[in-house]
Amino acid sequence: MTNKIVLTGIKPTGMPHFGNYIGALKPMIESAKTQKTIMFIADLHALNTIYDPKTVREHTYQAAAIMMALGIDLNNTLMFRQSDVEQIYQLNTLLMNVTPKGLMNRAHSYKAAMDKNIANGVDVDAGVNMGLYTYPILMSADILLYGADIVPVGADQKQHVEFARDIAGHFNAIYGETFKMPEPVIGKESGLIPGLDGRKMSKSYDNTIPLMAPENELKKKIMRIITDSKTPEESKNPDESTIFQLYKHFATEPEIAEFADMFRRGGMGYGTAKTILFDKINGAIKDARTEYERLMENKHEIDAVLNHGAQQAKQIAERTMQRVKKAMLG
Ligand code: ADP
Ligand code: TRP
């Protein structure tokens, strides 16, 4: 265990899928076994798109229950709801003053929204609220409030961590050394897991396999993985198969080698391969799914963990805010 603080946020926008699990959640759980981890459910980040409080709440419980069911080590991990720590709103407001507007103009997510509007021939800022525009400031506040050293993120979020470094740098240059410089770390599988149609698994492509789907739904989804039209007899290339790409993450080395061989040898139809994949994934996730379902029926247990986490997070946050307020307001 090092003294470095690993920090990450999970945006509660719906049931995570197997891409999220392999690319983000599983590495987080591994890392939390040996590193001090701060992990919050970033409900404030969901507010620029979700306007229904019940949905935000339910998705927040889902995300927390999933991490608990997957066995996140709560001895090393502070897990809480972002919105429960009021210092986040304070730091967000204060950081506005040292954040150049031009930095926000360059944010990938804002640029993507503008590009879409331009392509549709509407006003460039149509449908863009300030929550979207200033999203990177709130994310910087998350990172700087808790003094994170390492921020594991997907490739799409790397720019936000770089913005946090920029903002910390501006602040430190004006007010003296106040914030640590966080380092982004991109997971090696991040963004690489294919979905049902072979493209990157993503909510935006509607090609996902939900992580905690009931067994029959999981099976149906797996059976819908799109394959080429090779007959059972024909030899197949495992590296080009979504079935194999998913299987790899749940099997042992000898099992992977054997499955690859069955692809190459010929004689195995895709239906059989999908059944083998289903059994493997279902076996790996079954106990966590039962625990997830139990927790969702016993939300007071999730609240207990989140409230305890928030109490501790507030203490760290308050120490930072005292320094920041002193630096800025004297
Ligand atoms: P989506 O594309 O479904 O909206 P998110 O952008 O919310 O997913 O993903 C959150 C994190 O999960 C990403 O930052 C990335 O690390 C991981 N992730 C998402 N999709 C995949 C994928 N297909 N393969 C591997 N990791 C993924
Ligand atoms: N913006 C991240 C996402 O969309 C979630 C997030 C919020 C986060 N605050 C963070 C990630 C701080 C890392 C650090 O996935």
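In the predicted model described here, Arg81 lies over the face of Tyr61, 5.4 Å from the ring centre. A charge is taken to sit over a ring if NZ of Lys or CZ of Arg is within 6 Å of the ring centre and within 35 degrees of the ring normal. Lys26 likewise lies over the face of Phe250, at 5.8 Å from the ring centre.

Residues are numbered from 1 along each chain as its sequence is written, while chains are lettered from A and ligands numbered from 1 in the order in which they are written. Local features need pLDDT of at least 70, and side-chain atom pairs count only at pLDDT 80 or more, whereas totals for chains, interfaces and linings use all residues; side-chain values use heavy atoms, with hydrogens and water left out.

A search of the whole structure finds 12 aromatic pairs. Rings of Phe, Tyr and Trp (its six-membered ring) pair if their centres lie within 6.5 Å; planes under 30 degrees apart count as stacked, over 60 as edge-to-face and the rest as tilted. The rings of Phe18 and Phe250 have centres 5.9 Å apart and planes at 75°, so this pair is edge-to-face. The pair links distant parts of the chain: Phe18 belongs to helix 1 (residues 18-31), Phe250 to the loop between helix 11 (242-247) and helix 12 (253-265), and the two are 232 residues apart. Helices (H or I, at least four residues) and strands (E, at least two) are DSSP runs, numbered from the N terminus. Phe18 is buried, with a relative accessible area of 1%, and Phe250 is buried at 14%. Buried means under 20% relative accessible area, exposed over 50%, and partly exposed in between (1.4 Å probe, protein chains only).

A second pair is formed by Tyr247 and Phe259, with ring centres 4.1 Å apart and planes at 40°, so the pair is tilted. Tyr247 lies in helix 11 and Phe259 in helix 12, 12 residues apart. Tyr247 is buried, at 5% relative accessible area, and Phe259 counts as buried at 2%. Ring pairs link Phe244, Tyr247, Phe259 and Phe263 into a cluster.

Ligand 1 is surrounded by 16 residues, the closest being His17, Gly191, Ile193, Ser202 and Lys203. A residue is near a molecule if one of its heavy atoms lies within 4 Å of it. The shell divides into 4 nonpolar, 8 polar and 4 charged residues. Ala, Val, Leu, Ile, Met, Phe, Trp, Tyr, Cys and Pro count as nonpolar, Asp, Glu, Lys and Arg as charged, and the others, Gly among them, as polar. Oxygen atoms of ligand 1 lie 2.7 Å from a polar side-chain atom of His17, 3.3 Å from an N or O atom in the side chain of Ser190 and 3.3 Å from a polar side-chain atom of Lys200. The protein covers 80% of the 540 Å² of accessible area that ligand 1 has on its own (Shrake-Rupley method, 1.4 Å probe).

Around ligand 2 there are 13 residues, with Gly9, Tyr135, Met139, Asp142 and Gln157 the closest. Strand 1 (5-10), helix 8 (135-145) and strand 4 (150-153) each supply at least two residues of this shell, and helix 8 gives the most, with 4 residues. By class, the shell around ligand 2 has 8 nonpolar, 3 polar and 2 charged residues. Nitrogen atoms of ligand 2 lie 2.6 Å from a polar side-chain atom of Tyr135, 2.7 Å from one of Asp142 and 2.9 Å from an N or O atom in the side chain of Gln157. The protein covers 90% of the 370 Å² of accessible area that ligand 2 has on its own.

Key: Polar contact = N/O pair within 3.5 Å; in protein donor to acceptor, adjacent residues only side chain to side chain.
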